[in-house]
Each structure stands twice: as structure tokens, then as C-alpha cells.
Amino acid sequence: MSAVALQREAAPRASLTPHARGLYVPDPDRARYECALCLSGGGFRAALFHLGAVRRLYELRLLQQADAISAVSGGTVIAAFLAARCAIWRDRQLSAEAWEHDIAQPFRAFVSRNLNTIPVLRGWLPWNWNRNTGVEALAKACEERGLTAQTMATLPAEPQFMFDACDLVAGKTWIFRRTDRPKELADLKVATAVSVSSCFPGFFRPYARSTPQKIALMDGGIVDNRALEPVWNSARRLLISDGGDVLQPKWGQSILWSLIRSAAVLWNQSQAVQKRWIISGFDTEQLHGTYWGISSSPMHYEQRPGRDAFPGYSPELARDVIARIRTDYDAFSDAEAAVLENHGYFMVDAAIRAHLQDVERPPLRAPHPAWMNETKIRTALVDSGRKKFLGRW
């Protein structure tokens, strides 16, 4: 037995009250889902990272086993895309070529054009004050681009899709889903749920409704950027894909900079605490599953004797280039899309290989083998971290 295990064995375990156990500790006896996939926020960057992740999960037959998909902000874009095409991938095994044609290519086309600049500007016009114009314009743009025309009531029964927003009134996660919502929201468009989950503070006003209760909803990443809240204590297995923002060093002297930076540091610290809790939960086996993040590398995963090295990008490229790509709904280039999709694909394979040994692993097929040269990637993505005021057109 290891020294850590002996320490755990020797340390007295504090008993929890039934109240605390019910609120703060996962309980397999309360599980509603066998396998839940969580897709984080992070704009089109996260959505493309998740595109690679779900591609490999599909090859591993884990995507088909997921009976819950919880998503927030950028993650809702790929989740809505999968929901609209559920009949294509859920009940039959697509070839790599069919997945590329039916899923990957249409999604990359969706993120190749600026999405939110015009909706943001429309929402801040003086005559649209105190209206939901910006969010509704974003939803309309999503539908016009072919994201989905579904309503919440017409979502697939399985897997259960959950689109998470932040309820500013109650200070907690608000979940859009097929069931468990008032009748007044049954006809809400999925594109609207995606837009509400994505309305970042400062760019969009809160999405407000007064019936059947007063709500003011904003980007779900404010309260939970990994989309864990709906499923952390109700799923036997958690698969967590994290393409969210990574705080980078930044210097400024103005009062406005200090205010914005303080908010960013506070949010980043909450994400760090949640990540520690996730990893600790997996380590102590209170949680079951695995986690992969955009700033990590397959090389960070444990190398066991007799096994080949995990393929993928280096830690330096992941940290210094990929994790610095902007997190917005601006147009993404073919190079950015290819690298992000590759990275998500390889990160999933490494996470599953290291932590879920019961999963059979078919051979790897990199989505974009032409984009594995890291020197080429650094050159192509040199400007990818810079946001432009009116976007890339």
C-alpha cells in the first residue's frame, strides 16, 4: 500500500450530516444518468476543441453511451449541433469519412464566419434599451446559419441535452432542457437557449422574462464554466471537456484595468478551486470518469511501463499557443479549426487511455494530419490570440 493510501487509512474520517451529504457529496444511489458529458464554455475555441473531443469519444463509443450532455456558452454551440443531428450519429456507427462529411465539415463552416458582432451592436442601440434584442438577434443568426430550428420540447429524449445559463436573480445555474421546465418555456427555441447561455457580460444585456417568474439570465460561464452543476451528483460517470479561458499575465495601470482584472482573477480562482475539487474527487473515487483541458498536453498523462507515448501536441504548444487562442464568436480560420480539433481529439484519447482502462481503443486517425508540425502551427496561429473590435470578416 502506498504512503498516501496509508495516510488515508490512518486518518480519522469526519462524519457528515445527512444535510451536508445530500448537498455536497456525490451519491451513486441518487444517480439519474449512467454517463454525462460536460462541454465547457470558451467561445468558438472551446466549440472546436469539443468537436475533436466528441469525434474521438464517438470512435470509442462513449458518445453514444452518454445519456446526458450538459453544456455552457461555447459548449452549447456544439451541443445544439449534435442535438439537431442526433438521428445521424446516435443509433448507427458512422465511418470516419461519414463523420467528417455529416458532422465535422458543416460545423467548421458554421464557425468560419463572424457570428456575434452585429447582434452585439443591435443590442446596444438606444431604442433597444431594456429589451432582449441582442440575444434574440444572436439566436436568429444561429438559425440562419443552420445551427438548429428545434424547440426545447422537440429535443431528443436521449441523451438529455442541458443548456446552462446563469440566473442573476437567484445567483445559480438556470438549466434549459426538454423536461422539468414551465409550459411557457416549452416552445423556446434551442437557438435562444444557446444565445442566452452565451450572452457575455458587457457585450449583451441580460435576457429578461417576467413570466412565470422574474428571471435575468446571462452567460452560464459566470457561475459554472464547465457545465458540471446539472450532473456532478447525478451521474455515475463524468466526462469533462474543458476548453475554457486561461488567465494570462497582463499589465495595466488604469482604474478600469484594475476593476476588470480583479473580476478576471476572481473568476479564474473559482475555476481553479473547482478543478482541484474535480481532480480530488476522481483521486478519492467520489467521482468517476475523467477530465481533459485545453491548456494541457497528452504528455502530461502518466506514462506506464510497456506503453507507447501518447500522441499529440507538446505542453509548450498547448500552453503558449493553443490556450492563448481567443475565446469569442469571431470567424475562425481553417488552421485554427484544424489545430483545435486535433488537440481535443488527442486529449480525449490520452485521458481515456490513462484513466478508463475498460474502454476499447480503436486506432487513432488524426482529423487533420497535415497540422501536426508545431513550427508550422506557431507560424499560422501567431495572431490567433488577438481580438478585433469589430471582428474578423
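Reply: In this predicted model, helix H8 passes helix H9 in a right-handed crossing. H8 covers residues 133-144 and H9 covers residues 190-197; the two pack at an angle of about 125 degrees, and their axes lie 8 Å apart. That angle makes H8 oblique to H9. On the H8 side the contact involves Val135, Leu138, Ala139, Cys142 and Glu143, which meet Ala191, Thr192, Ser195 and Val196 of H9. By type, the residues of this contact comprise 6 nonpolar, 2 polar and 1 charged.

H3 and H6 pack at an angle of about 170 degrees, with 11 Å between their axes. An angle over 145 degrees counts as roughly antiparallel, and H3 and H6 are therefore roughly antiparallel to each other. From H3, the residues Phe44, Ala47, Leu48, Leu51, Val54, Arg55 and Tyr58 take part; they meet Ala96, Trp99, Glu100, Ile103, Ala104, Phe107, Arg108 and Phe110 of H6. The residues of the contact of H3 with H6 divide into 12 nonpolar and 3 charged, with no polar residue.

With helix H4 (residues 74-84) the geometry of H3 is as follows: the axes come within 7 Å and cross at roughly 45 degrees. H3 and H4 are therefore oblique to each other, and H3 passes H4 in a right-handed crossing. Gly43, Phe44, Ala47, His50, Leu51 and Val54 of H3 make this contact with Gly74, Gly75, Val77, Ile78 and Leu82 of H4. Here the division is 7 nonpolar, 4 polar and no charged residues. H4 itself is mostly covered, with 10 of its 11 residues buried. The buried residues of H4 include Gly74, Gly75, Val77, Ile78 and Leu82, and these residues belong to the contact with H3.

A search of the whole structure finds 11 aromatic pairs. In one of them, the ring centres of Phe44 and Phe110 are 6.1 Å apart and the ring planes stand at 70 degrees, so the pair is edge-to-face. This pair links distant parts of the chain, since Phe44 lies in H3 (residues 43-59) and Phe110 in H6 (residues 96-110), 66 residues apart. Phe44 has 0% relative accessibility and therefore counts as buried; Phe110, at 4%, counts as buried too. Phe44 and Phe110 also belong to one aromatic cluster, along with Phe81, Phe107, Tyr329 and Phe332.

Leaving aside residues up to four places away in sequence, Arg113 touches Phe44, Arg145, Tyr329, Asp330 and Ala331. Two of these, Phe44 and Tyr329, are members of the aromatic cluster. By contrast, Arg113 and Thr17 are 96 residues apart in sequence and 52 Å apart in space, C-alpha to C-alpha.

Key:
Residues numbered from 1 in each chain as written. Predicted model: local features only at pLDDT ≥ 70, side-chain atom pairs only at ≥ 80, totals over all residues. Heavy atoms only, no water. Axes fitted to C-alpha atoms, helices over the stretch in contact; angles between N-to-C directions. Helix = DSSP H or I, 4+ residues; strand = E, 2+ residues; numbered from the N terminus. Parallel < 35°, antiparallel > 145°, perpendicular 65-115°, else oblique. Left-handed = near helix turned anticlockwise from the far one by under 90°. Contact = heavy atoms within 4.5 Å. Nonpolar A, V, L, I, M, F, W, Y, C, P; charged D, E, K, R; others polar. Phe/Tyr/Trp six-rings, centres within 6.5 Å; stacked < 30°, edge-to-face > 60°. Buried < 20%, exposed > 50% of the residue type's maximum accessible area, 1.4 Å probe, protein only.
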